[in-house]
Amino acid sequence: MLTTLPLLTILIFLPLAGALCLVPLWHREERVRRLALGAGLAELALTGWLALAAPGLPQVQGAPAGFFFWEDLPWIGRFGIRYTVGMDGISLLMALLTAFVTVIALAVSWNAVKERVALHYLLILVMASGIMGVFLSLDLFLFYLFWEVMLVPMFFLIGIWGHGRRIYSAVKFFLYTLAGSLLMLLAIIGVYLIHGTQAGSYTFALPALVHTQMAPRTAGWLFAAFLLAFAIKVPVFPLHTWLPDAHTDAPTAGSVILAGLLLKTGAYGIIRFGYPLFPAAAASFAPLLTVLAVTGIVYGSWVAYAQADMKRLVAYSSVGHMGFVALGIAAWTPVSLSGSVLQMVNHGVTTGALFALVGMLDERAETREIEAFGGLWGKVPLFSAFFLLFSMASAGLPGLNNFAGEFTVLAGSFRVFPLAVVLAFVGIILPLVYTIKLVQQLLFVTERRPLPMSDLSWREGGILALLAVTAIYLGVHPAPFLDLVKVPVGLLTGTH
Amino acid sequence: MTIADIWSIMPLLILACGALTVLLLGAVAPGRYSTAIGVVTLVGAALWCLQHTPEAAVPTLGVALTPFARFFTALFSLTAAVVLLLSRDYNERRGIRGEEYPATVLFAVFGMGVLSASTNFLPLFLGLEGLTFAFYFLVAIDRERPESGEAGLKYLLMGAVAAAFTAFGIALIYAGTGALDVAPAMHALFREGKGNPLLLAGLGFLLAGVAFKISLVPAHLWTPDVYQGAPAPVVAFLSTASKGAAVVFLLLLLPAAGMGEALRIPLWGLSLLSMVVGNLAALLQKNLKRMLAYSAIAQMGYVTLALLSGDGGGYGAAAFYVVAYTAMNLAAFGAVASLTEGEEFGDMEDYRGLGFERPFQGGVLALAMFALAGIPPTAGFTGKFFIFAAALRRGEIVLAVIGILTAVVSVYYYLRVVVNLYMRPAEGEVVAARGTLPETVSLAAAAVVILVLGIFPGPLMEFVISLFR
C-alpha cells in the first residue's frame with residue numbers, strides 16, 4: 001500500500017488542501033484555528049509515519065540510489081519538464097522539520113493573531129506546502145516554482161501582521177530573495193540547454209543533469225548564480241542584511257518559520273543542487289564560502305551582543321549559527337555534511353523556540369527591549385526555565401542539540417580547513433557571551449519596570465515542552481538522525 | 001470571389017455584420033441589447049475560428065484564414081467580449097452611452113482579424129489602420145471628461161505619424177522588391193536584397209511604425225498619457241488586443257524573413273531600451289494606470305526579446321506571452337474598471353485597504369500584479385520562462401541577463417500595488433464599487449486563465465509552436 005499511494009504528493013498538497021478548507025469558515029475564528037492546527041498535525045503524523053516506515057522499504061524502481069519514495073509524472077512535455085518528487089534521508093529530515101515547525105507556528109499564533117485570523121492561518125498552510133515542495137522536488141523547474149511560491153505568503157505575513165517597519169521589511173525580504181532567484185533561473189535554463197545539446201534530449205531532471213560536462217568558466221558562472229540565490233537565503237555573510245529586518249518585524253509565526261524553515265531551504269539547495277550539479281566549480285568556490293562562513297559566525301555573534309531588541313538579537317544569532325551550516329557544506333566531507341544537516345534541524349528547533357519565547361514576552365509586555373525586563377525568574381518561573389534551556393541550547397551547551405551539530409561540523413571540517421575551524425571555535429564561545437548577558441538581564445537582574453507578566457498557559461507550555469523534548473533528544477541521542485542522512489551524504493560526497 | 005471564399009472568411013464577415021447590426025439597432029431600439037449582441041457576435045466569431053475548417057486562402061482579397069489567423073482572431077474576439085462585459089456597467093456608472101461603443105469595439109476586432117489573416121501588404125496595412133482608427137475613437141469616447149479627449153488627440157497625432165511611417169515603409173519595400181505579397185517581398189528583402197539602402201530604409205520605416213503600436217522605447221511617449229486619460233475598459237482593450245495585433249504584424253513578417261543582422265540590431269536596441277526605460281520609469285509613477293503603461297512598455301520589451309530569438313523557439317514564446325499578457329492586463333484594468341464608482345482612482349494610494357474591503361476585485365488585481373511580476377504559479381512566470389529559454393537558446397545571453405535584472409526592478413513597483421491593497425488601511429469611507437455580475441464573470445475568467453496557464457502551460461505552448469511550422 002505504501003508504494004501505490006502518491007504519498008509525497010499528498011505530503012506536499014495536504015496543507016494546501018487544509019488551507020482551502022478554511023475558506024468556507026472564514027469568519028468563525030475558533031474553528032479556523034482548530035482546523036488549521038488539525039491539518040498541521042495530520043501533516044506531522046504523516047511525515048512521522050513516513051520516517052518510521054521509510055528505512056525498511058526496498059529501493060524504489062527507477063529512482064536513484066538512496067531514495068525511499070519517488071514519484072515521476074510528465075508535465076510540460078515539450079520542454080522536458082516533469083513533476084518529479086523524491087525523498088531520501090536528507091529530504092525526510094527536512095520534511096519532518098517542516099511539519100514540526102509548521103505545527104509550532106500554527107500553535108504560537110493562537111492568541112497572538114486577532115485580526116484576519118483565517119487569512120493568517122491560510123498563508124501559513126500555503127507556505128508549508130511550498131516549503132515541503134522545495135524539499136521534495138527533484139526537477140529543477142518544479143523546484144524553482146516551489147522556491148518562489150513560498151516567498152509570497154511570507155511577504156504577506158510580514159506585511160500584514162508585522163511590527164515596526166513591516167512594509168519595508170516585507171518588500172526588502174521579497175526583493176532580496178527574488179533578485180538571487182531570478183539569476184538562478186537563468187542558470188537553470190543554462191544547465192538545461194548545455195545538457196540538452198550534449199545528450200540530445202532536454203530535461204530538467206536533477207539525476208540526469210548531474211552528469212553534464214561543462215567548460216570550467218561556464219560552470220563557474222552558473223554555480224555562482226546558484227550560490228548567490230542560496231547564500232541569500234541561508235544567509236551567508238554579507239548577504240544577510242534582509243534577515244534582521246524580516247525577522248524582527250515579522251509576527252511570531254513568521255519569525256519561527258523564517259528561522260526554522262526558510263533559511264534551511266538555502267542550505268538544502270546548495271547541498272541538493274549546487275554542489276552535485278557543479279562539483280568542480282563548487283570545489284573552487286569552497287575557500288571563499290569558508291571565509292564567508294567563518295566571518296558570518298564571528299560577525300553574527302558579535303553584532304548580536306550589541307542588540308537591545310531581543311528579536312534582533314536572536315536574528316543575528318541565526319546568522320552565526322547558519323555560518324556553521326555553511327562551513328560544513330564548504331568542507332564537503334561526510335562528517336561535516338552530516339553535521340550541517342543536523343545543525344539545520346537543531347537551529348530550526350532552538351531558534352524557533354527562542355522566537356516563540358520572545359513572542360510570548362512581547363504579547364504580555366508589549367515590548368522586546370531587553371532593558372525593560374528583569375527578575376523574571378522569580379515572577380514567571382516556568383517561562384524562565386524554558387528560556388534558560390533554549391538559551392543554553394543556542395549557546396551550544398553540551399548535551400543539548402546545537403552542540404551536537406556544531407561539534408560534528410567542526411570535527412568534519414578540521415582536516416580540510418584547519419585554520420577556519422580554529423577561528424570558528426572562537427565562534428562557539430561568542431554566543432555564550434551574549435546569551436549569558438541576555439539571560440542575566442532578563443531573568444536575574446532586579447525588576448526594572450512593573451510589567452504585566454503571567455506565567456505560561458497550558459498551550460504555551462505544551463509548545464515549549466514539545467520543543468524542549470526535541471532539543472534534548474537531539475542533543476543526547478542524535479544517532480538516529482545521523483543514520484538517516486548517512487547514505488545520502490555518502491552518495492553526495494562520493495564515499496558511499 | 002466564390003461561395004467558398006465567402007465561407008472561408010466567415011469569421012471576418014460575422015464581425016463586420018455584427019458591428020453594423022449593433023449600429024443600426026441604435027436607430028430602432030436605442031440603449032438596449034447592444035452589449036449582448038456584441039458579445040454574442042464576438043463569441044460566435046471566436047467559435048467559428050476555433051473549429052477545424054480546412055485552411056483556405058483567398059488570393060483575390062490577400063487574406064488566408066490559416067490556423068495562425070484563426071487562433072489570433074479568436075483570441076482578439078474573446079478579449080473584446082470580455083472588454084464589452086467589463087464596459088457595460090462601467091459606462092453606465094460613468095455616463096458613457098450609445099451604440100457606437102460596442103460597434104467600434106467590433107470594428108476594431110474586424111481590423112485585427114484582417115491583419116492576422118493577411119498575406120499581402122495592403123490588407124495588412126488596412127487591418128492595422130482599421131483597428132487604430134477604431135481606437136482613436138474609443139480612447140476619446142468619454143466626452144464628459146477632458147482628459148479622455150486629450151488622450152484621444154495625443155493618440156491620433158502620434159498614430160497618424162506612425163501610420164505614415166508604416167505606409168512609406170511598405171511603399172519603399174514595394175519599390176525595391178516589386179512584390180506586395182508578404183512572403184515574396186520578405187524573401188526578396190532578406191535573401192537577395194542585402195545592403196540595398198532603399199530596402200533597409202523601408203524596413204526601418206516599417207519597424208518604426210510598428211514600434212509605435214507596440215509602444216517600444218523610443219516610440220512610447222504617447223502610452224502613459226493615453227493610458228491615464230482613456231477609460232479603464234478601453235485601456236484594457238488597447239493594452240491587450242491592439243498590442244497583440246501589432247505583435248501579430250511582426251509575427252507575420254519575421255518568420256518569413258529569417259533573423260538577419262539587419263533585423264537583429266534594431267530589435268535588440270528596442271528590446272533593451274524598452275526593458276530598461278519602461279521598468280525604471282514605472283518606478284517613479286504614482287498613478288496606477290500610468291505605472292501600468294510603463295509596465296506595458298517593459299513587458300513588450302520582453303516580447304521583443306522573444307521575437308529576436310525566433311530561431312530558438314522565440315516566435316512560439318512571443319505568441320504564448322501575448323495570450324498570457326492579455327489575461328494579465330484584462331485582470332488588472334478590469335479590476336480597476338470594476339472598482340470605479342464615479343471617478344476613477346488615479347493614485348495608487350487610493351487603493352489602500354481595498355484588498356480587504358473589496359476582496360474579490362482586490363484579489364484579482366493583486367494576482368494580476370504578481371503575474372505581471374512573473375511570480376509562479378502564474379501565466380506571467382511561464383511566459384517569461386519560455387521567453388528567457390528561447391533567448392538563451394539563441395545565444396542572447398547579455399540581453400537575457402539585463403532582462404532578468406530589470407525584472408527584479410519591476411517587482412518593486414508591482415509589489416507597491418499589493419502593499420497598498422493589503423498592508424495599508426483604508427482611510428475614511430470606501431467609495432469603490434462592488435463588482436456586478438458581468439464584471440465578476442470577466443475577472444474570474446481572466447484569473448482562471450492566469451492560473452491555468454501558470455500551472456499547465458503545455459497544451460497552449462504546443463499549439464502556438466505548431467502555428468509556426
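This briefing describes selected features of the structure shown above. The model is predicted. Its topics are the contact between chain A and chain B, a pair of helices in chain B, and some backbone features of both chains.

**The contact between chain A and chain B**

- Chain A contributes 23 residues to the contact, and chain B contributes 24 residues.
- On the side of chain A that touches chain B, the elements giving two or more residues are strand 1 (69-76), helix 5 (140-149), helix 6 (151-161) and helix 7 (166-199) of chain A.
- Helix 7 of chain A gives the most to this side, with 12 residues.
- Sorted by class, this side of chain A has 18 nonpolar, three polar and two charged residues.

**Two packed helices in chain B**

- Two packed helices are described by the angle between their axes and the distance between the axes.
- In chain B, the axes of helix 4 (residues 67-94) and helix 5 (residues 100-117) come within 9 Å and cross at roughly 165°.
- Helix 4 of chain B is therefore roughly antiparallel to helix 5 of chain B, because angles over 145 degrees count as roughly antiparallel.
- The crossing of helix 4 of chain B with helix 5 of chain B is right-handed.
- Among the residues of helix 4 of chain B that take part in the contact are B:A69, B:F72, B:F76 and B:N91. Those of helix 5 of chain B include B:Y101, B:P102, B:G113 and B:A117.
- By class, this contact has 12 nonpolar, six polar and no charged residues.

**Cis peptide bonds**

- Most residues other than glycine have a negative phi, and most peptide bonds are trans.
- The peptide bond from A:F237 to A:P238 is cis, with omega near 0°. A:P238 is in the loop between helix 9 (216-233) and helix 10 (242-249) of chain A.
- In chain B, the peptide bond from B:P376 to B:P377 is cis, with omega near 0°. The loop between helix 16 (359-372) and helix 17 (379-394) of chain B holds B:P377.

**Positive phi values in chain A**

- A:R116 is not a glycine, and its phi is positive, near 50°. This residue is in the loop between helix 3 (89-112) and helix 4 (117-136) of chain A.
- Because 17 other C-beta atoms lie within 10 Å, A:R116 is partly exposed.
- A:E366, also not a glycine, has a positive phi of about 55°. Its place is in the loop between helix 14 (334-365) and helix 15 (376-379) of chain A.
- A:E366 is exposed, because 10 other C-beta atoms lie within 10 Å and a residue with 12 or fewer counts as exposed.

Definitions and conventions:
Residues are numbered from 1 along each chain as its sequence is written. Chains are lettered from A and ligands numbered from 1 in the order in which they are written. This is a predicted model: local features need pLDDT of at least 70, side-chain atom pairs count only at pLDDT 80 or more; totals for chains, interfaces and linings use all residues. Two residues are in contact if their C-beta atoms, placed from the backbone, lie within 7 Å. Helices (H or I, at least four residues) and strands (E, at least two) are DSSP runs, numbered from the N terminus. Ala, Val, Leu, Ile, Met, Phe, Trp, Tyr, Cys and Pro count as nonpolar, Asp, Glu, Lys and Arg as charged, and the others, Gly among them, as polar. A residue is buried if 20 or more other C-beta atoms lie within 10 Å of its own, exposed if 12 or fewer, and partly exposed in between; C-beta atoms are placed from the backbone. Axes are lines fitted to C-alpha atoms, for helices over the stretch in contact, and angles run from 0 to 180 degrees between N-to-C directions. Angles under 35 degrees count as roughly parallel, over 145 as roughly antiparallel, 65 to 115 as roughly perpendicular and the rest as oblique. A crossing is left-handed if the near helix is turned anticlockwise from the far one by less than a right angle, and right-handed if clockwise.
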